[in-house]
Amino acid sequence: MTEGQVVGSFVVPVHPHTVLAPEQNEGWQRLRDAFDIAAQTIKDLDADLLVIYSTTWPSIIGHQIQSDPNPEWVMVDHDFHDLGSIEYSFNIDQDFAHAWDDANRKRGLQSRCVNYKGFPIDVGSVVALTLLNPDNAIPAVIVSSNMYANRSETTVLAKSCLDVIKAQGRRAVAVTAMSLSNRMFTDFINPEEDKIHSLKDDEWNLKILEFLKQGRLEDVGQLSRTIQRQIRVQKVVAFKPMWWLSAMNGNRNDLSGEVLAYEPIHGAGGAVVSIDPTPSGAGDKEYDEDDVEYFHGERGVLDTIDESDDAEDVTVTEQASSGPGLWEPTQAEGSVNTDAAPKPVGAYPHARRVGNMLFLSGVGPRQPGTNAIPGGPIHDENGEPLDYDIEAQTHAVVNNVKRIVEEAGASMDQVVDVTTFLVDMKRDFKGYNDVWAETLGKIGPTRTTLAIDALPTPIAVEMKVIVHLGE
Amino acid sequence: MVKGKIVAGCIAPHPPHLVYAENPPQNEPVAEGGWEQLRWGYERLRASLADIEYDAIVVLSPHWQTYIGTHFLGLPHFQGLSVDPIFPNLFRYHYDLNIDVDLAKAIHDEAASAGLPVKMMENPDFRVDYGTITTGHLFNPEWDKPMVVLSSNRSTAYYSVEVMQEIMIELGRVTRRAIEASGKRVVVLASNSLSHRHFTTESEVPEDMSKEHITSHAMHLWDMRIIEYMRTGQAQRILDEMPEFTEQAIAESDGGGLSWLLSTLNVPDYPAVLHGYGTIIGTGNAVVEWPCHAHEEADE
């Protein structure tokens, strides 16, 4: 099976005017025409999946994924109810929804599928699916926008979606249903009076569109917080869809963009933008923020474990205080050490370079700084066994390996040999093996997996890694 | 015509958890209980008003969010299925409610005369928001009183708490004027939590009360401060501190319901009755009644 990919992306406006009343305003009609062009483009791409990230479906408990295979109802907008009703009947890819939900949890996200008759599909999703997929020929999936989610959570949400797209060999189109500036007029207006709410909003919108036209999606993502402060009403969902869309496209700045329309909808900035993954040839730009693979959480509000800034999610438990002491990594010729990896439990470096080879000391899942163990320790301070998540631990090991390898100026695709130690082969091999397949397994190093009696800290998995640094 | 009267004013929360925990026949999911302190608070509120005659319930719910002015349900009857988009696992409620369209239109017209942007909602396909349904069910499970339902204008998000409050105080004044002119006896109800920082995780059993507590100490302090003002007849201080409360407690007063309620009640200087307080997924919630009927009688 060919590996799946995102074959196109679109930004589309959320308000119902383009469905219910395009004829009332020339700009609304131009947006509608642009929707029609986008729909044709999606057909021409031979897409087999539409993934909608909607800013008008807020969630609180993680992210929700629509999984009703055929949701049907009548949608009426809370503000624009006098424009009329939109009857909908959509074709949802239930299998993909469940697979994405599973993938989310594997990457540490809170997630659930929703499949309830009468579930109120939000206006942004209804408009997007009605106009982009008018004959329901392409199965779709819709995800909510968590009102508390930050960049890392939103980025990981996209990566778990990509995991499934790749695994299922899908040709996916990613869509963000969103306004640019979202400041509407706070009084009723006649359709012919519509315009962007302010010159400032218009200028920012044009700047965003200029970036998108140049394919600089990651740059827009990294400006997200600034844009939110400048031209957005502080509604529950911030300007975070660009984090998601950028991650869906590999956080790149060398895409190919086309602005199909940009018009006001009751003062807000509505745009239909097409983004093609084909490299523009402009060269990729710098990438400033962390490339997060696994969401560790940062709120911990349910059990109030730790309210400090570096608190980990409730699934992350502090290492038992009775564990071995921590050492500063040793320094010798060729040593490679980093604060981004957990401190050693003895006198040794994180890695050592010899010629064009890099040898890593055994790497476990402990977190740098906090020493916490994602997925939880395997036993408590008294040696009493605890339940733990081998997949979370394995993900954390791979992330720690990656940090050390990158500190040496290398990349994960240069890893050539791995020896893995498991303390409970029978219990943990499958979970470890699944994570391996998603991560190192795609790179292709040789591997040896051994069962051992214990590791120095209460962890279940450790890897010994060798990297070939090239000629 | 006899002058209309507000017989009671209430602030009462609307998280779907309360209806879920009660297991009414209208709601599809089934629970093992939970959040009893608040559900019993609602019971005490109902008992307190059981002997008071009134014609309609006027509700402002923060979950009918409008960005363009204040809207009013404008058809006599709404029926349907309300599924909470955030907690669909808890709330799938079959509702059937009546609207006092005359009173709704009277408040709408009075507000329009005062220069407020307003609109009647007359689309029969409209789904009533779950906040209105939840509060409506818990306040009046028989659904035997017509309601007037106002949307929550999001002027806090657009401007500031101060601007929101200015608008809501004016909306409260016109609401009171319209009620008095209508000759009806009315309960006004702000469907509102107090502090409003949610947990972002949910227990496997949502009604597991061993997991329930206020999100943070700071939120608790704010909730108790506001409740103490209510209990001691210091509504003006609530209005005075609304910007700080709304911002620091991430309070649901951002929807304007509490400001509107206190204005509609003429900023009461008599004590309110606290019927219950409890947390729901970390948010602070109170069931509070201003027994206007007793105080107006005393004044007369």
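## Contact between the chains

Two residues are taken to be in contact if their C-beta atoms, placed from the backbone, lie within 7 Å. In this predicted model, 29 residues of chain B are in contact with 33 residues of chain A. On the side of chain B that touches chain A, at least two residues each are supplied by β2 (56-66), β4 (77-83), β6 (118-121) and α5 (155-158) of chain B. The largest share, three residues, comes from β2(B). By class, this side of chain B comprises 14 nonpolar, nine polar and six charged residues.

## Overall fold of chain B

Chain B contains ten helices and ten strands. Its radius of gyration is 18 Å, close to the 19 Å that the globule rule gives for 300 residues, so chain B is as compact as a globular protein of that length. Along the principal axes, the C-alpha atoms of chain B fill a box of roughly 55 × 40 × 40 Å.

Of the 300 residues of chain B, 56% count as buried. Among contacts in chain B with a separation of 6 or more, 82% are between residues 24 or more positions apart.

## Helix α8 of chain B

Helix α8 (residues 235-248) of chain B has 14 residues and reaches 19 Å from its first C-alpha to its last, close to the 20 Å expected at 1.5 Å a residue. α8(B) bends by about 60° at Glu241(B), and Pro243(B) follows within four residues. After α8(B) comes Ile250(B), with a positive phi near 45°.

The buried residues in α8(B) are Ala235(B), Ile238(B), Met242(B), Phe245(B) and Thr246(B). Their cover includes α5, α6 (161-182), α7 (217-231) and α9 (257-264) of chain B.

Terms used: Residues numbered from 1 in each chain as written. Chains lettered and ligands numbered in written order. Predicted model: local features only at pLDDT ≥ 70, side-chain atom pairs only at ≥ 80, totals over all residues. Rg over C-alpha atoms; globule rule 2.2 N^0.38 Å. Buried ≥ 20, exposed ≤ 12 C-beta atoms within 10 Å, placed from the backbone. Nonpolar A, V, L, I, M, F, W, Y, C, P; charged D, E, K, R; others polar. Expected span 1.5 Å × (residues − 1). Bend = angle between axes of the 7 residues up to and from the residue.
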